[in-house]
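Subject: Structure handover

Dear colleague,

Please find the structure below. My notes on it follow.

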Amino acid sequence: MSTAADDLSRDPTPDPAEDNAYFPSPYSLSQYTSPKTDFDGVQHKGAYTQGKWKVLMIAAAERYVLVENGKMFSTGNHPVEMLLPAHHLMEAGFDIDVATVGGYPAKLELWALPQEDEAVLATYEALKPKLKQPKDLSDVVANDLGEGSPYIAVFIPGGHGAVVGLPTSEAVTGTLDWALANDKFVITLCHGPASLLAAASGKEESPFKGYSVCVFPDSLDEGPNLEIGYLPGRLPWLVAGLLKEQGLNVLNDDVTGKTHQDRKLLTGDSPLASNSLGLLAADVLVRAVREAD
């Protein structure tokens, strides 16, 4: 006996805004999205009040990923992976600045926005002006990452949009170089760790070599995501595989909501890790500013 979900199409849904572009299939969305997240409150509400330190969010400004068969996946930043960690950080007292490569508006996978989740929706409304008119990351590198920079952490959300542009961006390279040189935190999850590939640009090896990370597993992008029509074709390259080639240790081969901290790099495996990563990030940042006082 079939369920209502079983009767949904597994064919990716055409995106009318672009030729040969596709959203995830109705069936895949029934499996991967829900009206609410597992958010059940924050742990450090209002803990940081000095106002000195902020978080720099690097958001993807690209909508489309060209896959091997010539089709395009209509993607962007995953809203839960962006907004739920941001909610925990903002509730703890850290303002967030948004930057993109080129200063173009951040793109969101609004088909994954949990329409009944008050925390996510409230954070979306709060950040929407910055998402529409973000800073140009090159300007941030040139003007805001020097001595006295206000940023305590760099946050790079997930979503397949992170695989386009961020791994090869000189501005992302410059931001990660600055974060490592100045003992800042880097927070990222799911496909967001694709951005870590940029840290190796111009170097003999990645400065993240030897770090352990959680990341969206290649096996899902190579298997189930194709079988259920989440993706319209095979990706041209896979995040976890390239991170391993650069000497990073990938801790997970499935998605369970796993998070991990290695030194000042905080990672999570998927949208399921969004709430836990937000809790971890807020806890770590609040502890860091208290210890610095």
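I begin with leucine 196, which touches Leu176, Val186, Phe208, Val213, Leu243, Gln246, Leu248 and Leu265, leaving aside residues up to four places away in sequence. Contact here means heavy atoms within 4.5 Å.

Before the rest, two notes on the source. This is a predicted model, in which local features need pLDDT of at least 70 and side-chain atom pairs count only at pLDDT 80 or more, while totals for chains, interfaces and linings use all residues. Residues are numbered from 1 along each chain as its sequence is written, and side-chain values use heavy atoms, with hydrogens and water left out.

Nonpolar cores

A nonpolar core is a set of buried Ala, Val, Leu, Ile, Met, Phe, Trp, Tyr and Cys residues joined through side-chain atoms within 4.5 Å. Buried means under 20% relative accessible area, exposed means over 50%, and partly exposed is in between (1.4 Å probe, protein chains only). The largest nonpolar core has 44 residues, of which Leu137, Leu196 and Phe208 touch the most other members. At least two residues of this core come from each of helix 1 (26-32), strand 3 (54-58), helix 4 (137-143), strand 8 (151-156), helix 5 and helix 8. Helix 5 supplies the largest share of this core, five residues. Another core, of 40 residues, lies apart from it and includes Ala106, Tyr124, Leu127 and Phe155. Helices (H or I, at least four residues) and strands (E, at least two) are DSSP runs, numbered from the N terminus.

How many of the five residues of strand 9 are buried? Five of the five are, so strand 9 is largely enclosed by the rest of the structure. In a regular strand the side chains alternate between the two faces of the sheet. In strand 9, Phe185, Ile187 and Leu189 point one way, and Val186 and Thr188 point the other way.

Two strands pair if DSSP finds at least two bridges between them. Strand 9 pairs with strand 8 in the parallel sense over four bridges, and valine 186 in strand 9 is the bridge partner of valine 154. From strand 8 the chain crosses through helix 5 to strand 9, a β-α-β crossover that is right-handed. Right-handed means that, with the strands pointing away from the viewer, the path from the first strand over the helix to the second runs clockwise. Strand 9 also pairs with strand 13 (residues 265-268), in the parallel sense and over four bridges. There, glycine 268 in strand 13 is the bridge partner of leucine 189.

Salt bridges

The structure holds eleven salt bridges (a side-chain nitrogen of Lys or Arg within 4 Å of a carboxyl oxygen of Asp or Glu).

Lysine 130 pairs with aspartate 95, with the closest N and O atoms 3.1 Å apart. Lysine 130 is partly exposed at 27% relative accessibility, and aspartate 95 is partly exposed at 39%.

Lysine 203 and aspartate 177 form a salt bridge with an N to O distance of 2.9 Å. Because lysine 203 sits in the loop between strand 9 (185-189) and strand 10 (212-213) and aspartate 177 in helix 5 (residues 170-181), the pair ties together parts that are 26 residues apart in sequence. Lysine 203 is partly exposed at 33%, and aspartate 177 is partly exposed at 29%.

Glutamate 222 and arginine 234 meet at 3.0 Å, N to O. Glutamate 222 is in helix 6 (residues 218-222) and arginine 234 in the loop between helix 7 (224-227) and helix 8 (239-245), so the pair ties together parts that are twelve residues apart in sequence. Glutamate 222 is partly exposed at 34%, and arginine 234 is partly exposed at 38%. Salt bridges that share partners also join Lys54, Asp95, Asp97 and Lys130 into one network.

Positive phi

Cysteine 190, in the loop between strand 9 and strand 10, has a positive phi of about 60° although it is not a glycine. Cysteine 190 is buried, at 3% relative accessible area. Arginine 263, in the loop between strand 12 (259-262) and strand 13, also has a positive phi, near 55°. Arginine 263 is partly exposed at 48% relative accessibility.

Regards
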